[in-house]
Amino acid sequence: MKKNSNKRSLFILFSVASFIIISTYIISLIARGYRFSIKDGLILNPTGMISATSRPKGASVYVNEKLVTATDDTINLSPGVYSLKINKDGFLPWQKTITIKPETVYQADIQLFSAVPDLKPLTLTGAINPSSNIENTKIVYAVASASATKDNGLYLIESNGLPVSLIRGISRQLFPNTATIDWSKYSFTFSPNSREILATSLDGKINYLLNLDTFIDPAKLTDKTNDLSTINQNWQIQTTTILAAKLDRTPKEIQPLVSTSSAKNIQFSSDENKILYLAQIDGDITKNIITPPPAQSTQNQNRAIKKDNYYVYDLKDDTNFLIGNKNDFTELRWIPNSNNIVFVQGQNLNVIDYDGTNQQTLFSSNFDPNCVYPWVDGSKIVILTSPYPTAPANLYTISIK
């Protein structure tokens with residue numbers, strides 16, 4: 001009797017242990033994306049997962065044109081190719097063809113852009129020959145139409161992450177016009193380190209070097225034309241230093257391909273995980289420069305590099321994507337705090353995902369294609385335009401988020 005009781009206890013203990021082990025195993029499979037299927041009997045099939053997040057939140061998620069959930073949620077799908085669409089009223093729809101792999105999470109972190117751009121003036125008395133530093137934190141421009149003569153001169157806007165409403169009130173005059181200097185007759189170039197501005201007369205005969213770190217009496221400004229070679233040498237040293245630092249953070253296999261003729265030709269995204277670069281020669285990028293993650297992007301890559309094309313290399317994903325030829329657009333820049341690039345094509349201000357997909361038009365109008373400056377927080381784009389033909393051109397902000 002006692003022997004039978006011990007057998008029953010052992011059987012119960014073994015059954016409970018087996019149930020716990022099997023249940024734990026099944027739970028672990030479900031956590032990895034496996035789901036029960038009754039098509040071929042009650043079996044567990046591997047699935048993949050979409051983790052969809054968006055800014056702003058609460059956008060609708062469509063899979064193969066069918067509404068399935070809202071963003072900030074996960075979706076289990078069988079392995080395969082799907083059409084994924086993220087939509088929210090008042091914003092441009094985001095859409096992409098994706099491939100779901102078994103036991104892998106596809107991360108869709110989407111920045112939605114406003115479908116109704118909000119255009120607001122940043123300057124009110126005209127902005128002549130504006131120029132920005134490469135980081136888009138400083139914009140310099142001339143004013144020559146203010147009603148008060150003393151207000152005409154050279155002005156500087158420094159964003160430094162402040163809201164536009166505050167910036168509008170603190171645009172400061174660097175130098176007033178004088179009897180011999182009319183700043184509206186000059187073009188402006190920032191030094192590579194953004195601490196100096198070279199003001200060059202439109203006929204190229206006069207050059208002033210303006211130091212932004214120290215006060216300079218306008219009456220004591222001197223023509224630096226004879227020193228241009230020295231200035232250019234110093235600036236080239238700065239550019240070389242900046243480019244060297246950027247290239248040091250770039251895989252050695254890519255470094256020979258990158259054009260170093262300008263600091264603009266190699267730009268890092270805000271999270272520094274992606275590199276936008278211009279190719280200076282043809283070449284090939286070998287696969288697996290780094291060990292790619294399981295959830296590596298499945299978008300078509302371009303690892304056969306062609307000269308004069310822009311590409312984006314993802315340092316974490318080991319993926320390389322074609323953006324386009326340098327002759328097809330101007331002012332190619334990252335939008336801060338996003339995985340998107342803004343550029344000008346004709347009279348369209350466009351945006352594109354870093355992998356070369358989902359190109360959209362943010363704004364289409366008559367604006368200066370050479371004056372497009374993403375705001376430092378990525379919420380706006382600064383452009384130079386006028387509301388009608390006889391109005392003076394001013395700097396305006398376009399709200400894109």
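Among the contacts in the protein chain between residues at least 6 apart in sequence, 45% join residues at least 24 apart, where a contact means heavy atoms within 4.5 Å. This is a predicted model, in which local features need pLDDT of at least 70 and side-chain atom pairs count only at pLDDT 80 or more, while totals for chains, interfaces and linings use all residues. Residues are numbered from 1 along each chain as its sequence is written, and side-chain values use heavy atoms, with hydrogens and water left out.

The secondary structure of the protein chain comes to 3 helices and 30 strands, these being DSSP runs numbered from the N terminus (helices H or I with at least four residues, strands E with at least two). Of its 401 residues, 44% count as buried; buried means under 20% relative accessible area, exposed over 50%, and partly exposed in between, with a 1.4 Å probe and protein chains only. The chain exposes about 20600 Å², of which carbon and sulfur atoms supply 54%, by the Shrake-Rupley method with a 1.4 Å probe.

One part of the fold to trace is an open sheet of 4 strands, which has the order 11-12-13-14 and antiparallel pairing; two strands pair if DSSP finds at least two bridges between them. Strand 11 (128-132) and strand 14 (172-176) stand at the edges, and each has a single partner strand, so one side of each is left without a neighbour in the sheet. On average, neighbouring strands of this sheet are turned by 20° against each other, direction ignored, the axes being lines fitted to C-alpha atoms (for helices over the stretch in contact) and angles running from 0 to 180 degrees between N-to-C directions. Strand 11 pairs with strand 12 (residues 138-143) in the antiparallel sense over 3 bridges, and Ser 132 has Ile 139 in strand 12 as its bridge partner.

Side chains of opposite charge can pair when their charged atoms come close. A search of the whole structure finds 11 salt bridges, each being a side-chain nitrogen of Lys or Arg within 4 Å of a carboxyl oxygen of Asp or Glu. In one of them, Arg 55 and Asp 109 have their closest N and O atoms 2.9 Å apart. This pair links distant parts of the chain, with Arg 55 in strand 3 (residues 48-55) and Asp 109 in strand 9 (residues 105-111), 54 residues apart. Arg 55 counts as partly exposed at 32% relative accessibility, and Asp 109 is partly exposed with a relative accessible area of 38%.

Another salt bridge joins Lys 326 to Asp 308, with the closest N and O atoms 3.5 Å apart. Lys 326 lies in the loop between strand 23 (319-325) and strand 24, and Asp 308 in the loop between strand 21 (304-305) and strand 22 (309-314), so the pair ties together parts that are 18 residues apart in sequence. Elsewhere, Lys 96, Asp 353 and Asp 355 are linked in a network of salt bridges.

Finally, Glu 331 has its place in strand 24 (residues 330-334) and is buried, with a relative accessible area of 15%. A polar contact of 3.1 Å joins its side chain to that of Arg 333; such a contact is a pair of N or O atoms within 3.5 Å, where within protein one must be able to donate a hydrogen and the other to accept it, and residues adjacent in sequence count only if both atoms are side-chain atoms. Not counting residues up to four places away in sequence, Glu 331 touches Lys 264, Val 342, Phe 343, Val 344, Pro 369, Asn 370 and Val 372.
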